[in-house]
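Dear colleague,

I am passing on to you the structure that follows, together with its sequence, and below it I have set out what was found. Please read the notes with the structure open beside them.

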Amino acid sequence: MAVIVGRRFGLAVRRNRAKRVFRALGRAVGQSLNPGYDFLVFPKREALSLPHDRLEKVWNDALRRQGIAG
């Protein structure tokens, strides 16, 4: 998994926080990912405004919908 955050996302502090948050989400579901998948994450600015538990639920639901996680 790779997290890509462009300069339009905001200041370096926000970009780095987004990377940390999404890497942590990726590590949390690492064992439940289906084998053979690599993916890129392009977070939206609004993602950092969500509470962590809500963001984690949205993240897990999206992975299941795409067939990446079981």
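Predicted model: local features only at pLDDT ≥ 70, side-chain atom pairs only at ≥ 80, totals over all residues.

When contacts between residues at least 6 apart in sequence are considered, 72% of them join residues that are at least 24 apart. Buried residues account for 30% of the 70 residues, while the chain exposes about 5100 Å², of which carbon and sulfur atoms supply 52%.

The charges deserve a separate paragraph. The chain carries 15 positive and 5 negative side chains, and the centres of these two sets lie 9 Å apart. Side chains of opposite charge can pair when their charged atoms come close. How many salt bridges does a search of the whole structure find? The search finds 2, and Lys57, Asp61 and Arg64 are linked by salt bridges into a network.

In the pairing of Asp61 with Lys57, the side chains meet with a distance of 2.9 Å from N to O. These two residues are separated by about one helical turn, because they stand 4 residues apart in helix 2, which covers residues 52-66. In the pairing of Asp61 with Arg64, the closest N and O atoms are 3.3 Å apart, and here the two residues, both in helix 2, are 3 residues apart, again about one turn of the helix. As for accessibility, Asp61 counts as partly exposed at 25%, Lys57 counts as partly exposed at 46%, and Arg64 likewise counts as partly exposed at 45%.

Is Arg15 buried or exposed, and which side chain of opposite charge is nearest to it? Arg15 is buried and yet has no salt bridge, for the nearest side chain of opposite charge, that of Glu46, is 15 Å away. A salt bridge is counted here when a side-chain nitrogen of Lys or Arg is within 4 Å of a carboxyl oxygen of Asp or Glu. Leaving aside its neighbours within four places in sequence, Arg15 is in contact with Val5, Gly6, Arg7, Phe9 and Gly10.

Arg20 also has its place in helix 1, but, unlike the buried Arg15, Arg20 is exposed, because its relative accessible area is 52% and the exposed class begins over 50%. Although Arg20 and Val3 are 17 residues apart along the chain, their C-alpha atoms are separated by 9.0 Å.

With kind regards

Key: Residues numbered from 1 in each chain as written. Heavy atoms only, no water. Buried < 20%, exposed > 50% of the residue type's maximum accessible area, 1.4 Å probe, protein only. Lys, Arg positive; Asp, Glu negative; His and termini not counted. Contact = heavy atoms within 4.5 Å. Areas by Shrake-Rupley, 256 points an atom, 1.4 Å probe, with all protein chains shown as cover. Charge placed at Lys NZ, Arg CZ, Asp CG, Glu CD.
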